[in-house]
Amino acid sequence: MIGKIILWILLAFLAVLVLALLIPVKVRFSYDQGDLALAVRYGPVKLRLFPPKEEEKKEKPPKKKKEGEKEGKKEKKEKPPKEKKKGKINSDQILYALETLPPILGRALRRTGRSIHIRPLKAHVLVAGLDPADTALLYGRLEAAVCGGLPVLKRVMRVKEEDIRLYLDFAGERMDAIVDVGVTLRPGSLVWIMLRAGGSLLKWYLAFQKLASPAPEKEEKDNKENTEHEAA
């Protein structure tokens, strides 16, 4: 009797596990001029991973004035919240991604690519830099990567609503982009991808972050120190 109960429990657990692996996971990533957003939907559950939701501050009722309290006291002014500094992508990050990311993704998507749906695939990239020659070279590499890589991506995965555009700007000094990508896949495919290339993707991301542009304050400080050194 106990053996049958354990067997039924195991079968129920396996059924729930199989059902959980079959329910698709939808991931939506967007990047708009330094603002990142990442959301995940699993069945009816939707979770925003980034940016985290700010806790709503409960409004406190105004305090009653005590008898004999002076009315001339000034109310304390709340300081406005500091604006978050927006991150910027640069040419080194893009070149690094073009050179190292395709082989990693190729290994990760082997045997599971056709089960992955991408909708939408939007990327508007502004190619700019201090050196016009380097900017033109980067633009050419990006154009070649898009023209050669997009057909391959469509063969490996199911892609709909693609809109990839490159803009060349010799007057600008910084790269920028607007990205909106939605990916739908089953948890089983996700587990397989992480087993095959999870460590490589993590190492790639850490190296990608190291190539990020310095913070505005640090950049201004370095420029000021260089100016003072030249003047001395």
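Analyst: The bend at a residue is the angle between two axes, one fitted to the seven residues ending there and one to the seven starting there. The model is predicted, so local features need pLDDT of at least 70 and side-chain atom pairs count only at pLDDT 80 or more, while totals for chains, interfaces and linings use all residues. Residues are numbered from 1 along each chain as its sequence is written, and side-chain values use heavy atoms, with hydrogens and water left out.

User: At which residue does α4 bend?
Analyst: Helices here are DSSP runs of H or I with at least four residues, strands are runs of E with at least two, and both are numbered from the N terminus. Helix α4 covers residues 187–210. The bend is about 70°, and its place is Ala197.

User: How far apart are the end C-alpha atoms of α4?
Analyst: The expected span is 1.5 Å times one less than the number of residues. A straight helix with the 24 residues of α4 would reach 34 Å. The end C-alpha atoms of α4 fall short of that, at only 30 Å.

User: Which residues of α4 are buried?
Analyst: Buried means under 20% relative accessible area, exposed over 50%, and partly exposed in between, with a 1.4 Å probe and protein chains only. The buried residues of α4 pack against α1, β1, β2, α2 and β7. They are Pro187, Ser189, Ile193, Ala197, Gly198, Trp204 and Phe208.

User: Which residues does Phe208 contact, leaving aside its neighbours within four places in sequence?
Analyst: Phe208 lies in α4 and counts as buried because its relative accessibility is 16%. Its C-alpha atom is 8.9 Å from that of Ile94, 114 residues away in sequence. With contact meaning heavy atoms within 4.5 Å, the partners of Phe208 are Gln93, Tyr96 and Ala97.

User: What does Ser189 touch, leaving aside its neighbours within four places in sequence?
Analyst: Ser189 is also placed in α4. Its relative accessibility is 12%, so Ser189 counts as buried. Its contacts are Thr112 and Ser115.

User: How far apart are the end C-alpha atoms of α3?
Analyst: Helix α3 has 25 residues, which should span 36 Å at 1.5 Å a residue. The end C-alpha atoms agree with that, at 35 Å.

User: Where is the kink in α3?
Analyst: The kink is about 30°. It comes shortly before the proline Pro151, at Gly149.

User: What does the buried side of α3 pack against?
Analyst: The buried residues of α3 are Thr135, Leu138, Leu142 and Leu150. Their packing partners are α2, β4 and β6.

User: Is Asp134 buried, partly exposed or exposed?
Analyst: Asp134 is in α3. Its C-alpha atom is 8.9 Å from that of Ser91, 43 residues apart along the chain. The relative accessible area of Asp134 is 47%, so the class is partly exposed.

User: At what angle do α2 and α3 pack?
Analyst: Axes are lines fitted to C-alpha atoms, for helices over the stretch in contact, and angles run from 0 to 180 degrees between N-to-C directions. The axes of α2 and α3 are 11 Å apart, and the angle is about 35°.

User: Which residues make that contact?
Analyst: From α3 come Leu138, Arg141, Leu142 and Ala145. From α2 come Ser91, Ile94, Leu95, Leu98 and Glu99.

User: How many helices and strands are in the chain?
Analyst: Along the sequence the pattern is α-β-β-β-α-β-α-β-β-β-α-α. That gives five helices and seven strands.
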